[in-house]
Amino acid sequence: MSDDMDFEEGGTVKKFMFVNRKAPYGTIYALEGLEVVLISAAFDQDVSLAFLDDGVFQLVKGQKTDGVEMKNFSPTYRALEGYDIEKLYVERESLEARGLSEDDLLVDVQVMSAAEMGDMMSQQDVVISF
Amino acid sequence: MALEVNGTTIETDEEGFLVNLSDWNPDVAAELAKGENVEMTDQHWEVINFLREYYDEYQIAPAVRVLTKAIGKKLGPDKGNSKYLYDLFPYGPGKQACKIAGLPKPTGCI
């Protein structure tokens, strides 16, 4: 993991992974993380998103936020494809521990084991956690 | 800041974007366009309506690059390019068109 960012013209493309571990509402992490991801798309880097722990709830279908008086930003995950961000990884153990499966999610993802996720993380140049 | 439309006061932020997105209607859009010195034509409305549909579906205002690509897909390559969009909205299709469409400033718009 490194935090030196090289966006110079013709600079190398780095592998960025944004790790989402928190439930979508109650804290601002998920929404802020998503905004950073959308902005990062402008820099033509190799961007992926990982969803672990309560972070998997960010992708669950049918979110209704009227009761907590927050904007339901879950439809924005479906816009990621248009931003050419198509690598969404979800940890299988986190889904299973919460009684969820891939069918409960609102976007196409790649489900992988914790071990595979670890491998994926070790291949990154930059890992940013939210 | 505020805007006066048909006797109703509409609240805007320091850059002229609507504070309450639900305040938007075509009359408000026309007034916002006037403030931007944009003469609204059918071509302008096409982009504005596209932006509103995009926001409705995804809950964000798209980045210019994404908007350009999506417009090209929906309305054809002669419209899905920067020149066409900048001719319509000289101060940037992202910022200016989003403002007239009553959307927030695009995420990542500098």
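Reader: Over how many bridges do β3(A) and strand β4 of chain A pair?

Author: This is a predicted model: local features need pLDDT of at least 70, side-chain atom pairs count only at pLDDT 80 or more, and totals for chains, interfaces and linings use all residues. Residues are numbered from 1 along each chain as its sequence is written, while chains are lettered from A and ligands numbered from 1 in the order in which they are written. Strands are DSSP runs of E, at least two residues, and helices are runs of H or I, at least four residues, numbered from the N terminus; two strands pair if DSSP finds at least two bridges between them. β3(A) and β4(A) (residues 110-112) run parallel, and the number of bridges is 3.

Reader: Which residue of β4(A) stands opposite Val90(A)?

Author: The chain goes from β3(A) through helix α2 (residues 92-97) of chain A to β4(A), in a right-handed β-α-β crossover. Right-handed means that, with the strands pointing away from the viewer, the path from the first strand over the helix to the second runs clockwise. Opposite Val90(A) stands Val111(A).

Reader: Which residue of β3(A) is the bridge partner of Leu49(A)?

Author: β2(A) and β3(A) (residues 87-91) pair in the parallel sense over 4 bridges. Ser48(A) has Lys87(A) as its partner in β3(A). For Leu49(A), the partner is Leu88(A).

Reader: How many residues of strand β2 of chain A are buried?

Author: A residue is buried if 20 or more other C-beta atoms, placed from the backbone, lie within 10 Å of its own, exposed if 12 or fewer, and partly exposed in between. β2(A) spans residues 46-51 and is mostly covered. β1(A) (residues 15-20) pairs with β2(A) in the parallel sense over 6 bridges, and Phe18(A) stands opposite Leu49(A). Of the 6 residues of β2(A), the number buried is 5.

Reader: Why is helix α5 of chain B largely enclosed by the rest of the structure?

Author: α5(B) covers residues 93-100. Its cover includes α1 (26-35), α2 (42-58), α3 (64-75) and α4 (82-88) of chain B.

Reader: Which residues does Leu51(B) contact, leaving aside its neighbours within four places in sequence?

Author: Contact means C-beta atoms, placed from the backbone, within 7 Å. Leaving those neighbours aside, Leu51(B) is in contact with Ala61(B), Ala97(B), Cys98(B), Ala101(B) and Leu103(B).

Notes. Contact = placed C-beta atoms within 7 Å.
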